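Colleague: I'm new to this one. Can you walk me through it?

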Amino acid sequence: MNVYISADIEGVAGIVGWSQATPGAEDYEIGRRLMTGEVNAAIAGAIAGGADRVVVNDSHSRMSNLIPDEVDSRARLILGQYKPMYMLQGLDGSFDAAFFVGYHGAIGEPEAILSHTYNPRAIWEVRVDGRVAGEIGINALVCEYFGVPIRLVTGDQSTAEEARVTVPGVHTAEVKRSFSRTSADSLSPEDSRAAIQHEAAAALDALPRLEPAARAVTLEITFLVADMAGMAEWIRGVERIRPRTVRFTAVDGLEVYRTFYAIVTLTRSLVE
Ligand SMILES: [Zn+2]
């Protein structure tokens, strides 16, 4: 059994601020250690649940947050920036289940720790086929394309809610309750890891068999400022439907994700 783990940091227990989540910031070393601990719990749970191959993709910021020699050596580790498939690098149809660990709520969620949808300095809202989506809803399109069921999502209560709406029946580990974007009531790291390990193992029971699905998907992105929508329109097939909003339709979830990632990368030049 093959398990794929996409690992973010904002939804990790004990993390409430960008100082813990931003490379180089004063509390970052604490944040990456906490992230590594939860990823190890997910790996241990996956193996206890029957996995014989686990691949972890570091999906946050510069994507080299996990401390390599502290990550459970039974897993393979994908690290580093400018990966063509970003938060889903390494995923393909050979996997039987996907876990999203340390995920967070969409930008616009009222009580969601460090909420954002890919780039908080560029993206105001994303809609998938008309419905507001965060990173779970967007990344799920790639899993659907490959026919890989998302079986576990961990993070705060808004993360768990988006997971349940996006993937009915998904296992969740709700490791903190956010009061705002920068405050939460968190499980201890120890309890959080125990919950994640337990849910990861349980998530591999009675795995659904999904067929790869190539259905057309329409994405709309509203940006913080109009210039960003103008820049996104440079990409063929992307149409500007309002001053700050673009829309495009792709033949399948993989193509939609590739175009979305190109737009995210392109508009970054206006904020960095
Ligand atoms: Zn992140």
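Modeller: Here is a short tour of the sheet, its helices and a pocket.

Modeller: This is a predicted model, where local features need pLDDT of at least 70, side-chain atom pairs count only at pLDDT 80 or more, and totals for chains, interfaces and linings use all residues. Residues are numbered from 1 along each chain as its sequence is written, and side-chain values use heavy atoms, with hydrogens and water left out.

Colleague: What is the strand order in the open sheet?

Modeller: S3-S2-S1-S4-S7-S8-S9, seven strands with mixed pairing. Strands are DSSP runs (E, at least two residues), as are helices (H or I, at least four), numbered from the N terminus. Two strands pair if DSSP finds at least two bridges between them.

Colleague: Which are the edge strands?

Modeller: S3 (75-78) and S9 (184-186); each pairs on one side only.

Colleague: How many bridges join S7 to S8?

Modeller: Five, and the two strands run parallel. Thr-154 has Ala-173 in S8 as its bridge partner.

Colleague: Which strands does helix H2 touch?

Modeller: H2 (residues 28-48) packs on the sheet and touches S1, S2, S3, S4, S7 and S8. Contact means heavy atoms within 4.5 Å.

Colleague: New topic. Which residues lie nearest the centre of the largest pocket?

Modeller: Ser-61, Tyr-118, Pro-120, Arg-268 and Glu-272, from a lining of 25 residues. A pocket is an open set of points on a 1 Å grid over the protein atoms alone, where a 1.4 Å probe fits, with protein on both sides within 12 Å along at least five of seven lines; lining residues have an atom within 4 Å of a point.

How values were computed. Axes fitted to C-alpha atoms, helices over the stretch in contact; angles between N-to-C directions.
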